[in-house]
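This report describes selected features of one protein model. The sequence and structure come next.

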Amino acid sequence: MPPDASPGGVAPVRRCSLSAADFDTLAGGGGGPELLESLWGAERSQRLLLLDLFLDLVAECPETLGPLPAADEAWRLLLRAEAQDRTAVEDLLLRPETGLWLTGVLRRLRGGAPSPVPRAAPGDSPSDLDASDLDASDLDVPVWTDVGQFHALAAAAAIRAGLDFTAVVPARHGTVVVPSVGRAVLPGAYGRGRQPIWGCAHLTYREGELAVSLGGRSVRSEQPGGGPGTGWEPVRTATLPLPGTEATVLLDDLGSQRIVPTPSGLPPERLPDEEARQWTDLLREAGPLLAEADAQSARDIAALLRSIEPLPFSENERLSSATSGDGVGRLASGLPADALQLAAVLAHEIQHSKLAVLMHLYRLYEPDDGSLFYAPWRDDPRPLRGLLQGVYAFTGVARFWRGWSRHLGGGEESAAAHFEYVLWRRQLLRATGELQRHPGLTALGRRVIRRLRETIAGWGPPDPARPTHAMAEDAADHHALTWRLHHVAPDPAVVEALARAWPRPLTPLDTGTPRLSPDPAVPRLDTVIALHRLRLSDPGALNKIAASPPDVTALVPGASGTELLHVLGDTEGVRRLSTTAVLEGSENPSSWACLALTVRGPVLQGTPELARAVYAGVRDRDGTAPDPVSFAAWLDGVVRTL
């Protein structure tokens, strides 16, 4: 870094903190306009510190720039741009894409893998991603192409400030991305004995015209930030109407700094015009829905949302969405089915950005804690950080559905929204109950959980008389039961003692010490949730196949006939199918979960993995399988449950 300059030009780096009242407001998922705006001040300090570290590391190892000019050249261009238009430079510094680039390149410079990114996990509700979902891709990416994004950032700042300049920036597969401005796509074929995949492109900007050249090929644009031209693709933006403002959001289908990597590391393909129009229309419609349902989320999005990364559409997959704490203000998502689904995605993912800033300011958990937990919105066990992120984000989801249900009133129109609210409220209370006393949380981390529980309690209990209340609690309980059956192993000593004792009376035993044993092949566990949703959105669809339960897989992949009858309320049918499956030796978690929800015994519902293991031990010892219902009743008398 030049000795006569500090990161960000003349503006110093300031240590940011929150008052106790502001911390508690943010910890509970809230925040007014001033508090939310102050988060950008905190993030600015974070970015400047990262930029300072980046420049120091490059100064120590100038060879990391490869064939590109020295970093000082880009730095001087950035300072010129700031002197001309500080607002443009500040905006670029705070872009989510800049955060993704800085953290990724710093990992590389410190000896890590290139550009780690979170993996998207599909889900009917948005997936819950965080930095523990890291995956390295593009392992053969030259380090200088990552480091050289600093030159592209300086070039973007100069264009936005209206400065004439020339610069050299990295090119990838014949594309050159100018952050927040657009992308040049140069003619030619790249890789496999053709043009080099990686190269140095020359940018020249004179009197509003941009020229990009690479290996004798060139692209020109008279309006880099305006309309498209031959080989030039400007960025796309969309408008999100919110109370008191119309937020402009970057619809980023061009940039190389992504939350979810493209297949094979290729540059992202530009969205078809029709899909871009669908995104624009959905965002325009989602804004008023947010304002009506959830004023807090509307404020959060107005203050924090900067860019959306569209994910490829797949007709056979559930909607996926993702965020990264490195890119505050950005989310990645598949194209939602409608504006209501998009509004729920926005309410969810913006919470991750709020918590990310809080976690940049304060340590909320011990980083070396290796505990894994049940996260009700995931099928796999989650680390402490992931569960903390999840409970914070899904508090926003529950708040949104509560508000939308209240907006629609108490009639049939609000049934689906009420189901979602009760479902997520129950899941949150279960997850935060486990978290609140965990020693891996710091005092501030426990304070966050306490404030979230206070927020949920402040909503008051939902109406238990509504049919959707029982449906949602049932769906939540089925997921929890099947998760335990996949991932929890009972204490073998207790299993052996109980199996030997059957069917005699016994002084009640404790359940011992179950241990977590993650199932790497765990399937989709939210099939009952999906069936309940389908029952609410299209009641006739399930009734049509009630006489042929196995056909349910055509409607909800992975669902079983027993689950279908369970959702339809056919208690006798569920008991018949689940007991038959158990008698025939099935250890299928869903069969045992449906049996537990039908029989309602404390052992089956509290420790289903123990019941299943003891039953298997009895069957193996005697060569015959006892009646599952009688067996469950016996267990309730010989096992002491909490």
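In which helix do Arg277 and Glu274 lie, and how many residues apart are they? Both belong to helix 8, residues 273-293, and they are 3 residues apart, about one turn of the helix. The model is a predicted one. The side chains of Arg277 and Glu274 form a salt bridge, with N to O at 2.4 Å. In general, oppositely charged side chains can pair when their charged atoms come close. The count of salt bridges comes to 40 by the rule used here.

**Domains**

The domain assignment divides the protein into four parts, with domain 1 made of two segments, 30-111 and 143-234. Domain 2 covers 236-361, domain 3 covers 376-462 and domain 4 covers 464-641.

**The interface of domain 3 and domain 4**

The C-alpha centres of domain 3 and domain 4 are 25 Å apart. At their interface, 22 residues of domain 3 are in contact with 25 residues of domain 4. Interface size is often expressed as the accessible area lost when the parts come together. For domain 3 and domain 4 the buried area is about 1,800 Å², and carbon and sulfur atoms give 60% of that area.

The rule finds 4 salt bridges across the interface of domain 3 and domain 4. It also finds 9 residue pairs in polar contact across this interface, both residues being at pLDDT 80 or more. On the side of domain 3 that touches domain 4, helix 12 (residues 415-435) supplies the largest share, 11 residues. By residue class, that side of domain 3 comprises 9 nonpolar, 7 polar and 6 charged residues.

A salt bridge also joins the side chains of Asp477 and Arg430.

| Salt bridge | N to O distance |
|---|---|
| Arg277 and Glu274 | 2.4 Å |

How many strands form the open sheet, and in what order? There are 5 strands, in the order 10-11-12-14-13, and their pairing is mixed. Strand 10 (236-242) and strand 13 (321-322) are the edge strands, each pairing on one side only. Strands of a sheet pair through backbone hydrogen bonds, in either a parallel or an antiparallel manner. Strand 13 and strand 14 (residues 330-333) run antiparallel and are joined by 2 bridges. Opposite Ser321 stands Ser333 of strand 14.

Methods: Residues are numbered from 1 along each chain as its sequence is written. This is a predicted model: local features need pLDDT of at least 70, side-chain atom pairs count only at pLDDT 80 or more; totals for chains, interfaces and linings use all residues. Side-chain values use heavy atoms; hydrogens and water are left out. Domain bounds come from an automatic or database domain assignment. Contact means heavy atoms within 4.5 Å. Buried area is the accessible area (1.4 Å probe) that two parts lose on being put together, summed over both. A polar contact is a pair of N or O atoms within 3.5 Å; within protein, one must be able to donate a hydrogen and the other to accept it, and residues adjacent in sequence count only if both atoms are side-chain atoms. Helices (H or I, at least four residues) and strands (E, at least two) are DSSP runs, numbered from the N terminus. Ala, Val, Leu, Ile, Met, Phe, Trp, Tyr, Cys and Pro count as nonpolar, Asp, Glu, Lys and Arg as charged, and the others, Gly among them, as polar. Two strands pair if DSSP finds at least two bridges between them.
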